[in-house]
Amino acid sequence: MTNSAPAAVVLVSGGLDSMVAAASAREAGYRLLALSIDYNQRHQVELAAARRIAAALGAERHVVLPIDLRAFGGSALTAAIDVPKHGVGADIPVTYVPARNTIFLSLALGWAEAAGARDLFIGVNALDYSGYPDCRPEFIEAFERLAAVGTKAGVEGDPFRVHAPLQHMTKADIAREADRLGLDAGLSWSCYDPAPGGVHCGLCDSCRLRSKGFVEAGLRDPTVYATAP
């Protein structure tokens, strides 16, 4: 990758989806400015995964930005609320963090404008997911419109593009894409409630969706689960 290639700010959470989205940006010819948010979530293991992923993808810079969303609470990931283990339901689960992707994309937008980048990548998808409202196409489209009117670059006619390359993929599609891109899915972390020994619990929504993706893709799942999903 040459210094003349455009830069993109990629949100890297440590999960499989964000790893594939970041690798898609790299494949498209972007230099990677990797952004991970330490929002005082209930476990730090995903940030360790984010560091591994950013290094493996050759990110030009990796910023781990602290912001304490536990001060607000309202989620099983930021408050003393049990992570549900009964399977993926129809309602928005308590693992939803209020306005999380709005907050994260706003921070990514700020870095992008400061760095002269005009492209943001986020690994949301709206097919096999937990029903979070900030993973839907209409949210991504609305945020892109906001960026056009809420930034100096936007109002001066140099708009930002929000890329969600996994938007219409199933978890099986994402697992296959990780394989096509030559990624080591074992570097990523998905579990909301790590089991003793630092392994995936196997029962939370995120573990169930991750396992389902590999099974339906017909690929070996490198994940160690405490309990089989």
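Modeller: Let's take H2, whose buried residues are Glu46, Leu47, Ala49, Ala50, Ile53 and Ala54. "Buried" is under 20% relative accessible area, "exposed" is over 50% and partly exposed is in between, with a 1.4 Å probe and protein chains only. Helices (H or I, at least four residues) and strands (E, at least two) are DSSP runs, numbered from the N terminus.

Some ground rules: this is a predicted model, where local features need pLDDT of at least 70 and side-chain atom pairs count only at pLDDT 80 or more, while totals for chains, interfaces and linings use all residues. Residues are numbered from 1 along each chain as its sequence is written, and side-chain values use heavy atoms, leaving out hydrogens and water.

Back to H2. An α-helix has 3.6 residues a turn, so residues three or four places apart point the same way. H2 covers residues 45-56, twelve in total, and reaches 17 Å from first C-alpha to last, close to the 16 Å expected at 1.5 Å a residue. That expected span is 1.5 Å times one less than the number of residues. Just after H2, Gly58 takes a positive phi of about 70°.

What does the buried face touch? The buried residues of H2 pack against helix H1 (16-27), S2 and strand S3 (61-66), where contact means heavy atoms within 4.5 Å. A nonpolar core is a set of buried Ala, Val, Leu, Ile, Met, Phe, Trp, Tyr and Cys residues joined through side-chain atoms within 4.5 Å.

Follow S2 and S3 and you land in the sheet. Five strands form an open, parallel sheet in the order S3-S2-S1-S4-S5; strands pair if DSSP finds at least two bridges between them. S3 and strand S5 (161-163) are the edges, each with a single partner strand, so one side of each is left without a neighbour in the sheet. S2 and S3 run parallel, joined by six bridges, and Ser36 stands opposite Val64 in S3. On to S1: five bridges join S1 to S2, with Leu35 in S2 as the bridge partner of Leu11.

S1 is well hidden, with five of its five residues buried. Ala7, Val9 and Leu11 point one way and Ala8 and Val10 the other.

Val9 and Leu35 are among the residues with the most contacts inside the largest nonpolar core, which has 41 residues. S1 (7-11), S2 (31-38), H3 (100-115) and H4 (137-150) each supply at least two residues of that core, and the largest share, six residues, comes from H3. H3 lies across S1, S2, S3, strand S4 (119-121) and S5, at about 140° to S2. For that angle, axes are lines fitted to C-alpha atoms, for helices over the stretch in contact, and angles run from 0 to 180 degrees between N-to-C directions.
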